[in-house]
Amino acid sequence: MHETYAQLLAAVLGVMCDVTGVDHISPSTPVMEAGIDSLSVMQLVQGLHARTGLNVSHTLISEHTTPEAMAVHLAPLAGRDAPEAKAPPPRQPGESGGPR
């Protein structure tokens, strides 16, 4: 299943809302502040797998602590570039190979 970054973010937010029972979660809200605890991590992981088809690690939440960060992490797994994960532009002819 190839999903865009926006679809992945929507999936993460949707699953989090389902798990926590709230109507809205901001993409920048820390997961634990949104109501995801150690007991609901399994529901979140299973929900993300069901919605995206991706094999999601149970450590996702501790390594990527906001819905936005989770979607950025999942984008390459889904075969998509995340906004923060794009490569720098190619060097122009004549540019040195040193740092920019």
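Buried residues make up 35% of the 100 residues in the protein chain, where buried means under 20% relative accessible area with a 1.4 Å probe, protein chains only. This is a predicted model, in which local features need pLDDT of at least 70, side-chain atom pairs count only at pLDDT 80 or more, and totals for chains, interfaces and linings use all residues. Residues are numbered from 1 along each chain as its sequence is written, and side-chain values use heavy atoms, with hydrogens and water left out.

## Exercise 1: the elements

State how many helices and strands the protein chain has, and their order.

Solution. Step one: helices are DSSP runs of H or I with at least four residues, strands are runs of E with at least two, and both are numbered from the N terminus. Step two: the count gives four helices and zero strands. Step three: read from the N terminus, the order is α-α-α-α. Step four: among contacts (heavy atoms within 4.5 Å) between residues at least 6 apart in sequence, 60% join residues at least 24 apart.

## Exercise 2: helix 1

Compare the span of helix 1 with the expected one, and list its buried residues.

Solution. Step one: helix 1 covers residues 5-20. Step two: the expected span is 1.5 Å times one less than the number of residues. Step three: helix 1 has 16 residues, and its 22 Å from first to last C-alpha is close to the 22 Å expected. Step four: Y5, L8, L9, A11, V12, L13, G14, V15, M16 and C17 are buried. Step five: these buried residues pack against helix 2 and helix 4. Step six: after helix 1 comes G21, with a positive phi near 80°.

## Exercise 3: helix 1 against helix 2

Describe how helix 1 and helix 2 cross, and classify the residues in contact.

Solution. Step one: axes are lines fitted to C-alpha atoms, for helices over the stretch in contact, and angles run from 0 to 180 degrees between N-to-C directions. Step two: the axes of helix 1 and helix 2 (residues 41-52) come within 9 Å and cross at roughly 140°. Step three: angles under 35 degrees count as roughly parallel, over 145 as roughly antiparallel, 65 to 115 as roughly perpendicular and the rest as oblique. Step four: helix 1 and helix 2 are therefore oblique to each other. Step five: L8, A10, A11, V12, G14, V15, M16, D18 and V19 in helix 1 meet Q43, L44, G47, L48, R51 and T52 in helix 2. Step six: this contact has nine nonpolar, four polar and two charged residues; Ala, Val, Leu, Ile, Met, Phe, Trp, Tyr, Cys and Pro count as nonpolar, Asp, Glu, Lys and Arg as charged, and the others, Gly among them, as polar.

## Exercise 4: helix 1 against helix 4

Which residues meet between helix 1 and helix 4, and is A71 buried or exposed?

Solution. Step one: helix 1 and helix 4 pack at about 130°, with axes 9 Å apart. Step two: that makes helix 1 oblique to helix 4. Step three: Y5, L8, L9, V12, L13 and M16 in helix 1 meet P67, E68, M70, A71, V72, L74 and A75 in helix 4. Step four: the contact of helix 1 with helix 4 has twelve nonpolar, no polar and one charged residues. Step five: A71 counts as buried, at 0% relative accessibility. Step six: leaving aside neighbours within four places in sequence, A71 is in contact with Y5, L8, L9 and V12.

Conventions: Buried means under 20% relative accessible area, exposed over 50%, partly exposed in between (1.4 Å probe, protein chains only).
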